[in-house]
Amino acid sequence: MASSPVVEEKEIVEEVKPFVGNTRKVTAHLTQNEALTFEKSSPGKKAYKLPPLDVPEIDASALLGGAVREDAGYLPELSEIEIIRHFTRLSTWNYAIDLGMYPLGSCTMKYNPRVNEYVSRLEGIAEAHPYQPEHLSQGALQIIKTLQECLVEITGMDTITLQPAAGAHGEFTGILMTRAYHQSKGNPRKTVLVPDSAHGTNPATAAVVGYQVQNIKSNSLGMVDVAALEQLVTEDVAALMLTNPSTIGVFESEIADILHAKGALLYMDGANMNALVGKTRPGDFGVDVMHLNLHKTFSTPHGGGGPGSGPVACKAILEPFLPTPVVVENADGTLYFNYDRPQSVGRVRMFYGNFGMFVRALAYILANGPDGLRQTTEDAVLNANYIRKKLEDVYELPYKTPTLHEVVFSDRRQVARGVKTGDIAKRLIDYGFHPYTTSFPLIVPGALMIEPTESESKEELDLFVDAMRQVAREAEENPELVLNAPHSTRISRLDETTAARKPVLRWKPPVA
Amino acid sequence: MRYLPKSPADRALMLSEIGVSTIDDLFATVPAEYRLDHDLKIPRQLGESEIIDYFKQAAALNATGYASFLGAGAYRHYRPVIIDSLVQRGEFLTSYTPYQAEITQGTLQAIFEFQTMICELTGMDIANASMYDGSTGAAEAAMMAVRITGRDGVLVARSVHPEYREVMQTYAQHQGHTAREVDYNPIGSDNAGRIDLAALDAAVSDATACVLVQSPNFFGIVEDIPAAAEIVHRKGALLIVSIAEAVSLGIMRPPVEADIVSLEAQSFGVALSYGGPYCGVIAAKEKYLRQMPGRLVGETKDTKGRRGFVLTLSTREQHIRREKATSNICTNQALVALMTTIFLTVYGKEGIRELAVQNLAKAKYAADALSAVPEAKLLFENTPRFHEFVLQTEEPVEAVSARLLEKKIIGGLPLAKWYPELENASLWCATELTTREQIDSAALVLADASVTAGARS
């Protein structure tokens with residue numbers, strides 16, 4: 001009596017129910033609904049109170065003549081509590097590093113320390129006007145100079161500009177400097193070489209600076225094919241834009257000499273610098289010019305897509321071409337901006353760059369010191385290799401080359417059941433993780449690009465591994481479940497085709 | 001290291017699971033000759049209190065406690081407290097670009113609201129999710145116009161912020177287009193300080209892709225946008241209006257005659273922060289949508305018919321189009337755009353107008369009070385302006401500024417560096433935060449200066 005029903009029940013379960021994973025990391029909970037502010041607005045509500053005017057009232061129409069406007073259009077009218085709730089509710093619809101692992105490859109979604117935010121809001125820093133007299137800006141100039149010195153030491157380069165506002169802007173600046181360098185030798189050259197594994201910003205940047213883009217195929221190890229490169233590098237080549245470690249996480253070497261032999265420069269996309277800090281320096285392995293992403297490697301927040309900051313470090317041969325102005329020290333130790341730079345590429349941004357991000361990045365460097373930065377890099381590489389080891393039996397590893405801070409799998413095995421990288425990514429959401437980067441780099445069809453960063457504990461990594469393994473099993477035994485994921489979010493998959501075909505890019509008042 | 005969540009035992013265990021004995025085994029692909037065998041020469045690891053002390057000391061070396069009349073593309077406005085409370089929520093602060101729409105609806109809906117408010121304020125049909133800042137936005141707007149028209153001539157008013165013009169020049173260098181400047185009407189002429197429309201008319205040709213004017217311009221003067229548009233459009237060129245002081249839109253007529261508007265939205269609740277991060281944005285007529293640079297958020301529906309928002313029209317962008325993209329921009333200024341969205345929601349339809357009117361009133365009082373001093377006069381005095389004005393003093397600006405600094409006042413910005421013809425001229429700005437007392441004190445210092453100068457002569 002005790003044994004037979006149990007056996008029967010087990011058999012039924014195995015026959016009827018396909019595998020559904022156990023989402024250990026998350027439990028569904030309610031989120032608040034919230035309309036657009038415009039839809040909630042009522043005339044007469046206010047969330048502001050200006051002090052009374054202490055000067056005579058004016059007649060705007062008289063002062064501005066025909067340039068005065070009738071009204072400000074459809075701006076919302078709400079009270080303060082409604083605004084707090086509005087944006088707080090919206091915020092709860094977002095995933096964030098503060099909630100859990102965010103393994104987007106090439107994006108370096110690491111912890112954003114809160115002391116960074118605190119110091120960037122100190123009055124003398126947050127309220128500093130870019131045109132206040134230099135002798136009343138010495139603190140800001142010292143922050144710029146100290147960060148520059150730290151980044152020069154970290155990269156092993158000779159000098160740096162902090163002016164570019166983001167990574168792609170840094171690329172633009174670095175390639176402009178490359179062009180100015182070649183021009184100073186009489187010929188700007190024609191071509192920039194870009195590996196097929198590169199970020200899309202690389203070829204876009206080369207085009208903006210007036211270069212033709214030549215793509216280089218990767219070899220069977222996923223690396224730049226050195227023999228092919230030797231064939232391609234001629235006196236017409238201005239530079240190679242190399243991401244190192246590459247977008248599949250592989251360290252590239254043996255490249256600089258080939259370029260330098262023909263007078264071409266080696267540009268390094270520093271997107272993956274989190275694999276190198278404190279362990280090796282681009283300046284030591286032959287890089288001539290590179291950009292950093294302070295919002296990746298140096299912990300300034302991504303903020304839902306910016307602000308970033310993309311300093312460009314270079315060797316002394318490129319120093320004359322840095323954007324204006326540059327920070328210089330007087331004999332008495334005070335600092336000032338030098339605008340007199342006849343060979344400069346010019347200015348790439350007004351004022352001096354995203355200064356608030358410099359403050360945060362410097363706070364991060366000071367919190368780490370040399371030992372902390374090295375440990376950070378080691379932990380980032382340790383985490384990526386741990387994931388690689390724990391998942392390589394269930395996901396295809398297209399390149400077996402040893403990797404550093406990220407690992408790129410492909411969906412080849414899951415595609416057999418109709419499940420693609422984008423589907424696995426969406427199902428991962430149900431397990432409480434942000435997806436990895438999908439479908440990039442382009443050299444890996446159906447790529448799953450995973451960068452855990454150093455900010456994940458072993459416990460969080462084990463949960464991620466567990467989730468990825470369960471999704472792999474679901475793909476095998478219950479593909480529909482994965483294909484229709486996510487199942488637990490406020491909204492399901494969105495109709496992106498209609499969004500692009502019939503764009504609705506703003507709210508409009510209902511027609512009366 | 002306090003940010004790293006692993007114990008030594010965790011690390012040892014993970015290494016053994018990977019199957020290596022030391023961490024350096026994982027760096028074996030880095031050739032030995034390139035491996036760093038010593039500590040980086042950077043400051044030692046600091047405790048949190050030491051970090052705060054370091055930055056407090058630096059902050060103390062910057063100007064604090066000064067009354068300031070500086071503007072010129074970076075404006076001091078009151079920033080409602082809730083902006084910082086809300087943008088410091090980790091779900092906004094530590095989220096990535098919203099490519100995974102199902103778990104980033106918060107960011108996406110906020111950007112959609114941002115795009116809508118920018119359209120309402122500028123009178124344009126579409127707006128993007130942000131650009132780096134006003135200067136690069138102006139350069140990208142010109143590149144956009146070159147693509148739309150297939151022409152390569154770019155004309156820029158000399159009354160545009162000098163640093164915007166420098167950035168446009170840098171971008172233009174290798175784009176195959178030429179950027180030429182059009183002067184402003186000189187002191188004493190009709191419409192002094194505005195773009196010289198006769199010169200503009202003469203300069204615009206069938207090869208002109210676009211004309212970029214700023215309004216209010218660098219001198220604070222309101223340009224005649226309808227008149228400029230008429231001239232520009234007659235030759236089939238596009239008019240780009242650059243706006244560096246977004247608060248002006250609360251009371252100024254939107255530049256509806258423009259084809260493209262490039263706005264710097266720093267005034268909407270963004271800290272001065274020594275020049276950045278700020279918030280550029282490009283808005284345009286709908287027909288130019290496919291040439292718009294940067295990210296766009298659109299409304300759509302999910303599989304169950306519920307409203308949702310996505311990044312859309314990405315076939316314009318670098319991650320799809322690579323070297324054929326409309327721009328190389330990737331990361332923009334999303335969190336700063338969120339600050340401006342909250343700011344505009346706080347002030348709303350009535351508040352933004354009231355705020356702009358207060359700015360107008362303060363600047364009028366300041367211009368009158370400062371130019372009432374015998375040895376100081378207002379330049380371009382009869383042309384309408386928003387909250388900035390150019391003051392000419394008998395003494396060099398540096399002498400006046402030094403005297404003002406003694407009273408803890410930072411006076412106007414010297415203009416000689418960019419406009420040598422405007423001798424002893426400085427650009428002053430008053431906002432809602434400028435008090436009558438501060439203005440009166442500055443006027444007293446100027447009067448003192450004139451007394452001193454008078455005594456000397």
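The axis of a helix is a line fitted to its C-alpha atoms over the stretch in contact, and the angle between two axes runs from 0 to 180 degrees between N-to-C directions. Two packed helices are described by the angle between their axes and the distance between the axes.

Helix α14 (residues 421–430) and helix α15 (residues 458–477) of chain A pack at about 125 degrees, and their axes lie 10 Å apart. Helices here are DSSP runs of H or I with at least four residues, strands are runs of E with at least two, and both are numbered from the N terminus. Angles under 35 degrees count as roughly parallel, over 145 as roughly antiparallel, 65 to 115 as roughly perpendicular and the rest as oblique; α14(A) and α15(A) are therefore oblique to each other. On the α14(A) side, I424(A), R427(A) and L428(A) meet A467(A), V471(A), E474(A) and A475(A) of α15(A). By class, this contact has five nonpolar, no polar and two charged residues. Ala, Val, Leu, Ile, Met, Phe, Trp, Tyr, Cys and Pro count as nonpolar, Asp, Glu, Lys and Arg as charged, and the others, Gly among them, as polar.

Residues are numbered from 1 along each chain as its sequence is written, while chains are lettered from A and ligands numbered from 1 in the order in which they are written. Because the model is predicted, local features need pLDDT of at least 70 and side-chain atom pairs count only at pLDDT 80 or more, whereas totals for chains, interfaces and linings use all residues.

Now look for an open sheet in chain A, where three strands run in the order β10-β12-β11 with antiparallel pairing. Strands pair if DSSP finds at least two bridges between them. β10 (407–410) and β11 (437–438) of chain A are at the edges with a single partner strand each, so one side of each has no neighbour in the sheet. Four bridges join β10(A) to β12 (residues 447–450) of chain A, and V408(A) stands opposite M449(A) in β12(A).

How do the two chains meet? The contact takes 170 residues from chain A and 160 residues from chain B, where contact means C-beta atoms, placed from the backbone, within 7 Å. Helix α12 (residues 355–391) of chain A gives the largest share of the chain A side, 23 residues.

Terms used: Two residues are in contact if their C-beta atoms, placed from the backbone, lie within 7 Å.
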